[in-house]
Amino acid sequence: MLRLQERLHHARGQLRGTAFALLAGAALMTGAGTATPAMAEGKTITAVMHSGLRVLDPIITTAHITRNHGYMIYDVLIAVDENFKPQPQMADWTVSDDGLTYTFTLRDGLKFHDGAPVTAADAVASLKRWGKRDSGGQLIFDVTDSLEAGDDKTIVWKLKSPFGPLLDIVGKQSAVPPFIMPERVANTPAEEAITDYTGSGPFVFVQDEFQPGVSVTYKKFADYVPRDEPVSWMAGGKKAMVDEVKWVTMPDAQTSINALLSGEIDYLEQLQIDLLPLLESSEDVTVETRDDLGYQTMGRLNFKHPPFDNKKIRQAALMALSQEDVLGTLIGNPDYYKVCGAIFGCGTPLGDETGADTLISGGDTEGAKKLLEEAGYDNTPIVLMQPTDVISLAPQPVVAAQALRNAGFNVDMQAMDWQTLVTRRASQAKPAEGGWNVFFTNWMVPEISSPLISAMLNGRGDDAWFGWPKDDKIEELRAAFVAADTPEKQKEVASEIQKHTMDEVLYIPLGQYLMPQARSNKLTNMIPSPVPVFWNIEKAD
């Protein structure tokens, strides 16, 4: 039986060359290569990321900028490669014949940035903290009997019952990777942010130079020992080929493009589609995409407070929205987006658009009005948070606000930067007291391609992802997916999850899109990964 992630890799290959691929002529990323030590001397990569960085704890949030920061300074026990196959990273592993005991053995030479050795106790504490926050981790710990350090280099994970996807979840690339921190840091309660940023990865966070939301600096960790294998996504040898990486914030798209063309910066993580012509004629810049599945954009409603604690009002909100309107405004060029009502993504093994008829056919304003009337909507204001500084997140709230108003909602759209939104969305306060009713976000399609890893499908109330739905049925369905032992049975359960998600409006899928990046041609050997990482990149003079 093919594992789901292997089938997803196969689906990615089938998508290449379709209308949802890059425009003809876009440059491909180069693979990893070998560099001489001289190339690293005195070299700095300056990058404009999709958002400023403020939240530094990669376990308490799923924000991609914080995940990117996590990969700069932390390492992981295992990691999936570009074929979605788990590979050793900090540790090798064995699995008992009955599938109940996983034994991980740390490799030699692992150190934290303060010089202390990485031990099994550090890994155990990190995994336990991660397991309280991550949707997939919660499923694993539901069947965990014990997780202990056998000795300084051995981690023993015992299960009450077999859990086949354990390695896939622990090794996943995103949302949320179980980064390994010192035990003293990982002992921080899972609901509190860490304040010690001692890492285990190839770069060191320079706290004295950190300007929240403005700039962040990472220095090469000279004592990091990379693996010997070729790099493949998050797996393999992570080699810091430059001395320093700086992330700087430039909210204005035109300013960042000019900075790239003039050589002031080296890398632009997200490129506004309508500004592509400004770079097409440059011989000094390469425009490319990191993944052919791209992203899914969506709306998330708050289940804890009126009016979206009412199912009919949630359904009215979904019915009011049109994917084409959102995607047309967000991306513009249809070569870079796809109307898609599948919560697991179109082009993936579990893709199914059941229940998304109005979303993919232009919305139903009159139907939304009728549902609001039936639900007795009392004009309660809808606090809709709008980030203004991220090109892939700013348009959705504006389009949605108008569609909701047209359907009869009283919308209070509040502008803020993305990092303020990331902080505020964690608040369970009433909307009128600093909370919220709805926000929009994006996920890489691999992050939502399975009910085992999609944070949006967590129905554990206060322990769920922001929005906090209490939904026992979705938890039963996720458990049934774990128990499904063939692709056909997985597909059947996934179809039920699609129907249930759309009926309960656990979230509102708003379609798929590609977001190109741009880099100076001085940068080579950038890993073709959906997650942007800065190891193995060489910079020429």
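Two rings of Phe, Tyr or Trp count as an aromatic pair here if their centres lie within 6.5 Å. With that in mind, load up this predicted model: a search of the whole structure turns up 20 such pairs.

**Stop one: F141 and W157.** Select these two and show their side chains. Their rings make a tilted pair, 5.4 Å centre to centre with 40° between the planes. F141 belongs to helix α4 (residues 135-142) and W157 to strand β7 (residues 154-159), so pick out both elements; the two residues are 16 apart and the pair links distant parts of the chain. F141 is partly exposed, at 24% relative accessible area, while W157 is buried, at 0%.

**Stop two: W247 and F534.** Next, select this pair. The ring centres are 6.3 Å apart and the planes meet at 50°, so this one is tilted. W247 sits in strand β10 (residues 244-248), and F534 is in the loop between β20 (523-524) and β21 (538-539), so the contact ties together parts 287 residues apart in sequence. Both W247 and F534 are buried.

**Stop three: the largest pocket.** Start by selecting I60, R133, A190, A464 and F466, which are the closest to the pocket's centre among its 29 lining residues. The space inside comes to about 540 Å³. Then colour α3 (120-133), α4 and α14 (418-424), the elements that each give two or more residues to the lining. Colour the lining by class and you'll get 15 nonpolar, seven polar and seven charged residues.

Methods. Residues numbered from 1 in each chain as written. Predicted model: local features only at pLDDT ≥ 70, side-chain atom pairs only at ≥ 80, totals over all residues. Heavy atoms only, no water. Phe/Tyr/Trp six-rings, centres within 6.5 Å; stacked < 30°, edge-to-face > 60°. Helix = DSSP H or I, 4+ residues; strand = E, 2+ residues; numbered from the N terminus. Buried < 20%, exposed > 50% of the residue type's maximum accessible area, 1.4 Å probe, protein only. 1 Å grid on protein atoms, 1.4 Å probe; cavity = no way out; pocket = protein on both sides within 12 Å on 5 of 7 lines; lining within 4 Å. Points joined across faces, edges and corners; volume = space filled by probe spheres on them. Nonpolar A, V, L, I, M, F, W, Y, C, P; charged D, E, K, R; others polar.
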